[in-house]
Amino acid sequence: MKIERVDLIQIKIPIKGHFETSYGRQYDAEKLVLKFYSPDFIVHTDCAAGSVPGFSYETLGTAREILKAYILPAIMGAPLQGPEDFWPRVARFRGHPMAKAAVENALWIMKALEEDMPLARLLGNHQDRVTAGVAIGIQDSAEELLDLVGRYLELGYRKIKMKIKPGADLDRVAAVRRSFPDILLMVDANNAYTLDDQDMIKALDEFNLLLIEQPLAYDDILDHAKLQKELETPIGLDESIPGPYQARVALELQACRAINIKQARVGGLTRAKEIHDLCQAGGVGVWCGGTMETGLGRAVITALSGLPNFTFPNDFSASDRYFARDIVDPEFHLNMDGTISVPQGPGLGVVVNEPVLDGYTVARDVIRI
Ligand code: MG
């Protein structure tokens with residue numbers, strides 16, 4: 001395979017309502033879509049970096065510049081065997097995992113097309129559907145939260161993840177549990193707390209939560225280990241695990257009992273698989289969360305999240321969770337059993353709807369060798 005041209009397409013998609021985490025509130029999803037041209041295939045991916053450095057230090061702007069100046073020149077025009085040729089060419093460029101993931105994933109998709117098999121199969125996922133879930137942002141009131149939880153359960157979601165922050169935590173969780181005593185429920189604090197908040201966090205133990213996700217600092221592992229010792233509820237780490245090394249440290253320190261594998265956060269599918277395998281060997285389950293990706297990213301994580309150690313229910317959802325119209329055909333729908341089907345066509349198994357993509361496009365760069 002050889003990549004001869006890449007279009008960097010900046011898009012802005014209005015999201016339904018708004019989405020609030022401890023990082024802030026957003027009304028649009030701003031993303032980069034990458035269109036790769038090789039002599040044999042055209043492949044699209046999306047980049048998870050958002051418009052502000054919140055969940056990650058990367059932004060759409062940093063990703064575009066790093067891709068243009070360093071990552072794309074390192075791989076374009078060269079004969080490549082597959083994704084295994086990616087890291088040797090870019091490892092000297094530190095950081096920027098989301099930018100790297102957008103390129104490495106394209107090589108995985110091209111490899112799957114060459115082999116005429118679904119990406120899922122190439123990754124070792126033999127499931128035809130994977131668990132889904134919905135992440136609910138912080139609402140202005142407990143009533144609005146309860147209303148939303150009820151609506152998503154009616155749509156068929158079996159697992160609810162609610163975002164929490166100081167001032168919108170214990171009472172909100174108690175209210176949801178009172179109204180929905182038996183649902184699969186977890187919370188995500190997006191690093192809004194410190195060990196000084198230990199009493200509140202320990203009080204969450206009484207609500208039979210699946211997980212408490214990333215309660216402490218975004219780069220912390222040590223304090224999470226201290227906190228996990230005090231908690232019955234499993235801690236799940238997200239932001240603290242930017243790569244396999246941090247996963248090893250977390251396992252060694254018993255800082256968590258689950259890891260949220262977001263392939264974009266860790267630099268793409270190769271490293272995501274590596275973390276999956278490390279966790280499996282260490283007896284720690286994983287799950288897959290979303291990054292408000294388009295259908296392109298959704299297809300990638302759907303393909304990944306049927307690997308055997310995804311033992312916790314995922315919390316990515318169908319296309320219509322955020323978008324009135326996704327950029328891919330077919331869009332992702334929720335099955336009656338609360339799952340999402342794994343695309344079974346060769347490669348990504350979904351295609352970009354060009355008129356829809358054009359409608360969301362705000363800028364385009366064309367990079368040629
Ligand atoms: Mg999270």
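A salt bridge is taken here as a side-chain nitrogen of Lys or Arg within 4 Å of a carboxyl oxygen of Asp or Glu. In this predicted model, local features need pLDDT of at least 70 and side-chain atom pairs count only at pLDDT 80 or more, whereas totals for chains, interfaces and linings use all residues. Residues are numbered from 1 along each chain as its sequence is written, and side-chain values use heavy atoms, with hydrogens and water left out.

**Salt bridges**

Side chains of opposite charge can pair when their charged atoms come close.

| Pair | N to O distance |
|---|---|
| Glutamate 65 and arginine 64 | 3.9 Å |
| Aspartate 223 and lysine 226 | 3.8 Å |
| Arginine 325 and glutamate 331 | 3.7 Å |

Salt bridges that share partners also join Lys159, Lys161, Lys163, Asp188, Glu213 and Asp315 into one network. For solvent accessibility, buried means under 20% relative accessible area, exposed over 50%, and partly exposed in between, computed with a 1.4 Å probe on protein chains only. By this scale glutamate 65 is partly exposed at 44%, as are arginine 325 at 24% and glutamate 331 at 22%. Aspartate 223, at 27%, is likewise partly exposed, and lysine 226 has a relative accessible area of 45% and is partly exposed. Because aspartate 223 and lysine 226 are three residues apart in helix H8 (residues 222-230), they are separated by about one helical turn; helices (H or I, at least four residues) and strands (E, at least two) are DSSP runs numbered from the N terminus.

**The magnesium site**

Two members of the salt-bridge network, Asp188 and Glu213, also coordinate the magnesium ion through OD and OE, together with Asp238 (OD), at 2.2 to 2.3 Å. Donors are N, O and S atoms within 2.8 Å of the metal (3.2 Å for Na, K and Ca), and since water is not among the atoms, sites may look incomplete. Along the chain, the donors follow the spacing D-x24-E-x24-D. Aspartate 188 in strand S7 (residues 184-188) and glutamate 213 in strand S8 (residues 212-213), 25 residues apart, form a pair that links distant parts of the chain, and both residues are buried.

**The four-stranded sheet**

An open sheet of four strands runs in the order S3-S2-S1-S15 with antiparallel pairing, where two strands pair if DSSP finds at least two bridges between them. Its edge strands, S3 (42-47) and S15, each pair on one side only. Neighbouring strands are turned by 25° against each other on average, direction ignored. Strand S2 (residues 24-37) pairs with S3 in the antiparallel sense over six bridges, and the bridge partner of lysine 35 in S3 is histidine 44. Helix H3 (residues 97-114) packs on the sheet, touching S2 and S3, and its direction makes about 150° with that of S3; axes are lines fitted to C-alpha atoms, for helices over the stretch in contact, and angles run from 0 to 180 degrees between N-to-C directions.

Threonine 361 lies in strand S15 (residues 361-368) and is partly exposed, with a relative accessible area of 25%. Leaving aside neighbours within four places in sequence, threonine 361 is in contact (heavy atoms within 4.5 Å) with Ile9, Gln10 and Ile11. The C-alpha atoms of threonine 361 and glutamine 10 are separated by 5.7 Å, although these residues are 351 residues apart along the chain. A polar atom of the threonine 361 side chain lies 2.7 Å from the backbone oxygen of leucine 357.

Definitions and conventions. Polar contact = N/O pair within 3.5 Å; in protein donor to acceptor, adjacent residues only side chain to side chain.
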